[in-house]
Amino acid sequence: MGKTIAEKILVSHMIEKAADVKAGDYILAKPDIILLNDVSGPVAVKQFRRITNKVADPDKVVIVIDHFSPPPNLDAASNNKLLREFAKEQGIKILFDIGEGIEHTLLPERGVVKPGSLVIGGDSHTTTYGAFNAFGSGFGATDIAVALALGYLWFRVPESIRFEFHGTRPPFVTGKDLILHVIHDIGVDGATYMSMEFGGEALNRFNIDEYMHMSNMAVEAGAKAGIFEPNEVIIEWAKSKYGSIFNSFVKADPDAKYVDIRKYDISTMEPMIAKPHSPGNVVPISEVGGVSVNQVYIGNCANGTPTDLRQAAAILKGRKIADNVRLIIVAATRNIYKQALKEGLIDIFIEAGAFVTHSTCGACAGLHMGLLADGEVAVSNINRNFRGRMGSAKAEIYLTNTYVAAAAAVAGKIVDPRKIADWSEVKNFVYGART
Amino acid sequence: MIIEGYIHVLGDDVDTDVIIPGRYLMITEPSEVAKHIFEGVEPDFVKRVRPGDVIVAGKNFGCGSSREQAPVGLKALGISAIIAKSFARIFFRNAVNIGLPIFIAPQVVDYVNSLLETANVIGSFIKTTDVKARIDVDTGIIYIGDKQFMTTSIPKFIQEIMRSGSLIEWAKERLRSKQIL
């Protein structure tokens with residue numbers, strides 16, 4: 001019987017090969033990468049020490065200090081220190097310290113994640129690596145501790161739902177809108193325990209940063225992974241990173257078994273908004289108008305990409321943010337920051353009145369660097385608008401694509417970017433000659 | 001093992017940000033985490049919990065972030081079990097891994113909700129009741145008053161982890177026996 005991408009990647013990483021493994025089976029598999037960050041990492045290290053004192057395979061371990069980064073208090077500073085000492089003690093060579101980047105954008109950028117990789121991370125948004133045809137999945141600290149100790153972990157091979165996108169790409173519609181549309185369609189538990197598989201020819205008209213928007217939020221539909229099938233965009237990306245010989249792409253078999261296949265014609269889609277307090281509470285932008293905004297927050301583990309920064313700059317260019325609005329922009333990695341400087345994007349942000357920062361998970365996860373007070377409203381291109389996600393449980397968060405977020409900063413309220421910006425200019429600014 | 005305690009009722013899609021807000025994630029000590037459980041939505045919840053109490057929730061309990069502080073904090077606060085219509089994947093694993101008993105039992109959730117009109121209830125986001133749950137962990141039978149319910153059986157592989165006590169013990173056994181599989 002045919003296999004899905006998820007089945008193939010998991011089976012190929014099993015510690016002992018077995019015939020006919022399929023969705024629903026429990027297996028033991030060796031990840032290529034075990035990812036720790038400064039939130040779940042210290043808990044994982046604590047649990048690890050209850051099992052053993054030696055990491056099974058230090059070369060598989062990657063540590064990123066990006067959440068409480070730079071540390072806003074002593075507890076966070078001690079946690080960061082604990083991770084640095086753990087890396088040294090265990091011979092873990094890859095530790096990305098403060099300012100290097102936010103984990104899920106950083107690892108592909110540095111060539112750590114490849115198509116076909118099995119990545120387990122102590123972070124729910126590890127699903128982001130699906131954008132690169134890899135199996136990424138989030139785990140709690142104890143699972144990570146066990147993987148550190150044994151070098152392998154238990155997995156339930158997930159069922160898969162296939163999502164196919166067809167049609168032409170409408171103005172101001174990004175990967176964020178596609179995934180919000182899907183979450184609205186299947187619900188916030190519509191893919192629980194399952195793998196979401198993304199395909200269809202329309203995806204060739206989006207870039208790999210926009211694939212990250214989508215895989216990143218697969219977990220917001222409950223999914224274990226959200227994996228893109230290899231296409232020309234991913235093949236091009238892999239070539240640019242690993243050279244022309246790269247060939248570990250994983251494709252589903254034509255007779256692979258899916259729980260469901262859902263097809264979308266995106267031609268008439270508009271920018272989408274998830275209203276408070278659920279990523280599934282989604283409406284088209286034409287149905288939301290005039291909501292006043294206190295803070296706009298742009299940038300996180302999948303939405304502080306070069307594409308997002310260009311999208312923000314395309315709207316902010318030559319404009320000022322509205323009175324009484326704060327705009328915080330996070331470049332997801334140091335290299336992206338550098339690139340944005342070179343392209344003049346940072347100048348545009350500063351001229352517009354933005355607070356521009358280096359990489360940090362910051363207020364996206366309600367940690368520090370811009371929390372919301374009671375009664376405040378935020379518009380953001382991040383992935384979660386749960387009650388209290390960015391600070392006060394009495395604040396409200398609207399999730400949007402980057403154009404809509406930037407437009408809200410300029411207008412001081414939620415507006416349709418199609419009403420304030422010219423698509424052909426924006427398109428040229430963001431995508432240049434590429435589309 | 002028998003679990004017995006008063007029931008706190010929650011709705012669908014309770015996320016881990018609501019259970020323990022991000023700004024407390026630098027805390028790793030369970031008893032300290034416990035002080036902030038559900039702080040944003042129900043500030044006096046921590047004072048309403050008595051050791052042994054049980055949470056009854058709707059679908060997709062524990063969705064969102066992978067933070068293990070969510071089940072760890074609930075357990076440290078005194079919550080002895082969670083019964084829900086369904087659990088989000090990472091929360092399910094985390095609860096099993098740290099030894100917090102969880103049960104999938106939609107009919108129990110519906111029945112408990114039907115009692116809310118007549119029960120003594122305080123709270124809004126979390127309804128603390130004077131209804132008691134009694135759970136026989138070994139058989140998976142749940143008693144609400146004189147009503148008896150079966151729960152969805154837990155997969156064999158996960159039972160193996162539960163029998164070890166926690167995933168930590170399971171891993172230790174594997175290292176001891178140097179088993180590859």
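A: Let us begin with contact: two residues are in contact if their C-beta atoms, placed from the backbone, lie within 7 Å. Please keep in mind throughout that this is a predicted model.

Q: How many residues does the contact take from chain B and from chain A?

A: Chain B supplies 39 residues and chain A supplies 47 residues. On the side of chain B that touches chain A, the elements giving two or more residues are helix 1 (16–19), helix 5 (89–98) and helix 8 (167–177) of chain B. By class, that side of chain B divides into 18 nonpolar, 10 polar and 11 charged residues.

Q: What domains does the assignment give for chain A?

A: Chain A is assigned domain 1 (5–265) and domain 2 (274–418). Their centres, taken over C-alpha atoms, are separated by 24 Å. Across the boundary, 35 residues of domain 1 of chain A are in contact with 34 residues of domain 2 of chain A.

Q: Which elements give two or more residues to the side of domain 1 of chain A that touches domain 2 of chain A?

A: They are helix 4 (103–109), helix 6 and helix 7 (208–216) of chain A. Helix 6 of chain A gives the most, with six residues. The side of domain 1 of chain A that touches domain 2 of chain A comprises 11 nonpolar, 15 polar and nine charged residues.

Q: Why does A:L180 count as buried?

A: A residue is buried if 20 or more other C-beta atoms lie within 10 Å of its own. A:L180 counts as buried because it has 29 C-beta neighbours inside 10 Å. This residue lies in helix 6 (residues 175–186) of chain A. Leaving aside neighbours within four places in sequence, A:L180 is in contact with A:M272, A:A274, A:V282 and A:L399. A:L180 and A:I273 are 93 residues apart in sequence, yet 7.5 Å apart in space, C-alpha to C-alpha.

Q: How may burial be read for a whole helix, and how many residues of helix 12 of chain A are buried?

A: One counts the buried residues along the helix. In helix 12 (residues 402–411) of chain A, 10 of the 10 residues are buried, so this helix is largely enclosed by the rest of the structure. Among the buried residues are A:T402, A:Y403 and A:V404.

Q: What covers the buried residues of helix 12 of chain A?

A: The cover includes strand 12 (272–274), strand 14 (295–298), helix 9 (306–316), strand 15 (326–330), strand 17 (377–380) and helix 13 (417–420) of chain A. Just after helix 12 of chain A, A:G412 adopts a positive phi of about 80 degrees.

Terms used: Residues numbered from 1 in each chain as written. Chains lettered and ligands numbered in written order. Predicted model: local features only at pLDDT ≥ 70, side-chain atom pairs only at ≥ 80, totals over all residues. Helix = DSSP H or I, 4+ residues; strand = E, 2+ residues; numbered from the N terminus. Buried ≥ 20, exposed ≤ 12 C-beta atoms within 10 Å, placed from the backbone. Domains from an automatic or database assignment. Nonpolar A, V, L, I, M, F, W, Y, C, P; charged D, E, K, R; others polar.
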